[in-house]
Amino acid sequence: MKTRLREAAVVLVGVCLLAGPVACGKAAEVDKPSGPVSGEPPRIGVLLPDNNWRFYHFDKPLMAKKIRQLCPECQVDIVSADHDIATQQAQMAAMITKRANVLVLDAVDSRSLRAPIERARRAGVHVVAYDRLAEGPISSYVSFDGAQVGRLQARALLRAMGDKARTGQIVMMNGGETDPNSAWFKQGALEVLRGKVRIGKAYDTAGWRQEAANANMSAAIAALGPGNIDGVYSANDGLATGIIAALKAAKVAPLPPITGQDAQLDAVQRVLTGEQTMTVLKPFRPEADNAAAMAVALARGKDLKDIAPRRVSSPTTRDIPAVLLTPIPVTAKNIKETVVKHGLYTLDQICTPKYASACAKAGLTHTAHDEGESPR
């Protein structure tokens, strides 16, 4: 019974995200922005879930730079919660006390941050949901189309499996249950996978932790047999790292097709060598830029209709103004046109001596315009 209820909740979140104005809680309260405190410059707080490679090197500097470009007078506070719910709750409380006008929030746990978001609204503080949609009275939202991420991953997996997709089976390694994006990715993947391939085992990976994915994959290998796994749907690159380690420990060779997401450097290199089939690039600059534009507009008391034309709904709030960006699949054939062009990495960063032969095979050689635009 609990499993059925959990599955129903997953479907509800996915439908709410995609359907827009549907009955998934009350409509978003669009009250007038409070605007800056008289005589003080606008204050914008940015709350990131942790300080990993992505947030440290991309989201944090990109967002800070864009906010200052749009609003030189704005005060900007950026903090990381080290993936701890209580820490992020305390950080929100502190920023509300400092009389922030807007908070850009990438929630550690979308449900646990609902009460602080409600307190922020009562205090006249707008909350922009960043990357994942938290519950509560969110003022706006920016992320990538999660269902499309799942579809891209699933299509690539089936293509890589070829004829084995008809007779074989896969392991499905989803993200954490507390992350609504995980349900969104899963929904999109299942749209493609259902009826096309047998799912031998499926897991929700606690906290998106690599070690949890490794343990889950080891359990799947023990249950299905090391020779009976023909593909692995991995929701992101961190999970893929744990999955590959478990397969290698079980001496599975060659590795089955494995998907990913986030275009981490080690994953891009695995794609080059064939250890990972693909990853999904979500260019960080447009996401950070849109969040900054929303935050500045709200801090100045402006409307978001020209910035956020879409509408999404969470389990608690309907019709949230949103920007949903387009994810990009990355394979060994298009690394230069994707991650290099978008400025995530240079060819020198990707093609270290260890990967020189793989880079040569993929045609990754320098030209005058190969380095892309620096994300910083």
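Visitor: At roughly what angle do the axes of helix H3 and helix H4 cross?

Guide: First, the ground rules. This is a predicted model, where local features need pLDDT of at least 70, side-chain atom pairs count only at pLDDT 80 or more, and totals for chains, interfaces and linings use all residues. Residues are numbered from 1 along each chain as its sequence is written, and side-chain values use heavy atoms, with hydrogens and water left out. Helices are DSSP runs (H or I, at least four residues), numbered from the N terminus. Axes are lines fitted to C-alpha atoms over the stretch in contact, with angles from 0 to 180 degrees between N-to-C directions. Here, H3 (residues 85-97) and H4 (residues 114-122) cross at roughly 5°, their axes coming within 10 Å. H3 is therefore roughly parallel to H4 (angles under 35 degrees).

Visitor: Which residues in H3 meet H4?

Guide: Contact means heavy atoms within 4.5 Å. Gln89, Met92 and Ile96 in H3 meet Pro116, Ile117, Arg119 and Ala120 in H4.

Visitor: Is helix H5 mostly covered or uncovered?

Guide: Buried means under 20% relative accessible area. By that cut-off, 12 of the 16 residues in H5 are buried, which leaves the helix mostly covered. Among them are Val149, Leu152 and Leu157.

Visitor: Where is arginine 151, and what does it touch?

Guide: Arginine 151 sits in helix H5. It counts as buried because its relative accessible area is 18%. Leaving out residues up to four places away in sequence, arginine 151 touches Gly188, Ala189, Glu191 and Val192.

Conventions
Helices (H or I, at least four residues) and strands (E, at least two) are DSSP runs, numbered from the N terminus. Angles under 35 degrees count as roughly parallel, over 145 as roughly antiparallel, 65 to 115 as roughly perpendicular and the rest as oblique. Buried means under 20% relative accessible area, exposed over 50%, partly exposed in between (1.4 Å probe, protein chains only).
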